[in-house]
Amino acid sequence: MTAALSEKARAFLQGRRFGALATTNRNGTPQLTAMWYLLEDDGTITMNTKVGRAKERNMRRDPRISICIEDDYNFLTINGTVEMIDDPEIAQHDIYRLAARYHGEEKARRQMQEKFSKEKRVSLRLKPERIIEYFE
């Protein structure tokens, strides 16, 4: 079941902030990673990672995740089940979009050429199932 983001939450997510992505390690302990994210028009959160990282292995085993985005005393936590997209074309396109959002077009092109295009990457899609928000 998908939960709808409020207008305040959508506006907050448009800001360039980092999200703390929570996955679960094999032994049950939490694993947290700072992540770039994009809010899609339909409310889906798009992220991307290099294949082989702990968070990627964790999500393949247990796709339940949570991401928290904060700014001072304002925060938004989104829980749900991640969809992992292994298509190299989609994954490369998404990492470019993320890099451009956080670093601008010029640096994103350079990062693609020097780093991202040489990596096997996976795109992550999170449709909100539970949303917790606090805005002062």
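Visitor: What makes R17 lie over the face of F12?

Guide: A charge sits over a ring if NZ of Lys or CZ of Arg is within 6 Å of the ring centre and within 35 degrees of the ring normal. R17 is 4.0 Å from the ring centre of F12 and lies over its face. R101 lies over the face of Y37 too, at 4.9 Å from the ring centre. This is a predicted model: local features need pLDDT of at least 70, side-chain atom pairs count only at pLDDT 80 or more, and totals for chains, interfaces and linings use all residues. Residues are numbered from 1 along each chain as its sequence is written, and side-chain values use heavy atoms, leaving out hydrogens and water.

Visitor: Why is T2 called exposed?

Guide: Exposed means over 50% relative accessible area, buried under 20%, partly exposed in between (1.4 Å probe, protein chains only). T2 has 56% relative accessibility, so T2 counts as exposed.

Visitor: And why is S66 called buried?

Guide: S66 has 18% relative accessibility, so S66 counts as buried.

Visitor: What makes the S66 and N79 side chains a polar contact?

Guide: The rule asks for a pair of N or O atoms within 3.5 Å; within protein, one must be able to donate a hydrogen and the other to accept it, and residues adjacent in sequence count only if both atoms are side-chain atoms. For S66 and N79 the distance is 2.5 Å.
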